[in-house]
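Please open the model in your viewer and keep the sequence panel beside it. The stops below say what to select next and what is to be found there.

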Amino acid sequence: MTDDTPLTPTEELDALAGEYVLGVLALPERLAAEARIKRDPAFAAAVARWEARFDGLNDGFAPVTPPAHLLGQIEARLFPPAPRPQRRWLGWAFGGLAAAALGLAVVLFAPPATDTIVAELGSTETGLAYEARHDGQMLRITRIAGTGPAAGQDHELWIIAPNAAPVSLGLLGDQALQVEYPAPPAGWVLAVSVEPAGGSPTGAPTGPVILTAEIGA
């Protein structure tokens, strides 16, 4: 007989902290946990307790110092000295240098990569709208219409993979929220909820979800 009693918010927080310390979270959840450590003292304390709990597991492993000569032998095998080129190869060498210089010029003067819109979250009823862009490394979410939440509240951004629980990416303010994040796949969903000041106390949306948008739709 199994116990189907749901975890309390405190138990869920402690379980998430343990999974973070063990390194078993998927990348989106790990990034969200790292962001939560910075803004949630209770979660940061839970992570610290788990780190202290597992710290003693390393006591039985003595550090291993490789022989001093080993690095030199490895480098010599991986990077043997190149033979001196013969004179008849000079023409080809100069040609290669010219091609390399041309390639460098193309890289230096090529236009920088631009970010692309991955989702637009808006409501015609409230006039509130956010725009999500990705530049290959960073996900940037900006409010482009409407006003922020009422006093004592925050807008919190969530990303939801298919058949998965929402994961917080941070709080949305007057300035753009920038999160180092891989390009979200099409079909994932971005959502904005209204939370108490400082964000959701449970790690899941607690207030009304006011905006959603499917990525790539």
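Begin by selecting Arg39 and Glu156, which form a salt bridge whose closest N and O atoms are 3.3 Å apart; the term stands for a side-chain nitrogen of Lys or Arg within 4 Å of a carboxyl oxygen of Asp or Glu. This pair links distant parts of the chain, with Arg39 in helix α2 and Glu156 in strand β4 (residues 153-160), 117 residues apart. Helices (H or I, at least four residues) and strands (E, at least two) are DSSP runs, numbered from the N terminus. Glu156 counts as buried at 0% relative accessibility, whereas Arg39 is partly exposed, with a relative accessible area of 27%; buried means under 20% relative accessible area, exposed over 50%, and partly exposed in between (1.4 Å probe, protein chains only).

Before you go on, note that this is a predicted model, in which local features need pLDDT of at least 70 and side-chain atom pairs count only at pLDDT 80 or more, while totals for chains, interfaces and linings use all residues. Residues are numbered from 1 along each chain as its sequence is written, and side-chain values use heavy atoms, with hydrogens and water left out.

**The whole chain**

Zoom out and colour by secondary structure: the chain comes to five helices and eight strands, and along the sequence these follow the pattern α-α-α-α-α-β-β-β-β-β-β-β-β. Of the 217 residues in the chain, 25% are buried.

**Further salt bridges**

How many salt bridges does a search of the whole structure find? The search finds five, including the one already visited. Next select Glu34 and Arg30, another such pair, with the closest N and O atoms 3.6 Å apart. Glu34 and Arg30 are four residues apart in helix α2 (residues 27-39), and are therefore separated by about one helical turn. Glu34 is partly exposed, with a relative accessible area of 30%, and Arg30 is partly exposed as well, with a relative accessible area of 30%.

Move to Asp174 and Arg143, whose salt bridge has its closest N and O atoms 2.6 Å apart. Asp174 lies in the loop between β5 (167-172) and β6 (177-180) and Arg143 in strand β3 (residues 138-145), so the pair ties together parts that are 31 residues apart in sequence. Asp174 is exposed, with a relative accessible area of 64%.

**Charges over rings**

Select Arg53 and Trp50 and turn the view until you look along the ring: the charged end of Arg53 sits over the ring of Trp50, 4.1 Å from its centre. A charge sits over a ring if NZ of Lys or CZ of Arg is within 6 Å of the ring centre and within 35 degrees of the ring normal. Then select Arg36, which lies over the face of Phe43 at 4.8 Å from the ring centre.

**The nonpolar cores**

Now show the side chains of Tyr130, Leu157, Ile159, Leu169 and Leu190, which have the most contacts inside the largest nonpolar core, a set of 24 residues. Such a core is a set of buried Ala, Val, Leu, Ile, Met, Phe, Trp, Tyr and Cys residues joined through side-chain atoms within 4.5 Å. The strands β1, β2, β3, β4, β5, β6, β7 (189-196) and β8 (209-214) each supply at least two residues of this core. Apart from it lies another core, of nine residues, among them Leu13, Ala33, Ala46 and Trp50.

**Two loops and a strand**

Select Ser123, in the loop between β1 (116-122) and β2 (129-134), where Ser123 counts as buried at 18% relative accessibility. A polar atom of the Ser123 side chain lies 3.3 Å from the backbone nitrogen of Glu125. Leaving aside neighbours within four places in sequence, Ser123 is in contact (heavy atoms within 4.5 Å) with Leu128 and Leu211.

Finish at Arg133, in strand β2, which counts as partly exposed at 24% relative accessibility. The C-alpha atoms of Arg133 and Ile117 are separated by 4.3 Å, although these residues are 16 apart along the chain.

Definitions and conventions. A polar contact is a pair of N or O atoms within 3.5 Å; within protein, one must be able to donate a hydrogen and the other to accept it, and residues adjacent in sequence count only if both atoms are side-chain atoms.
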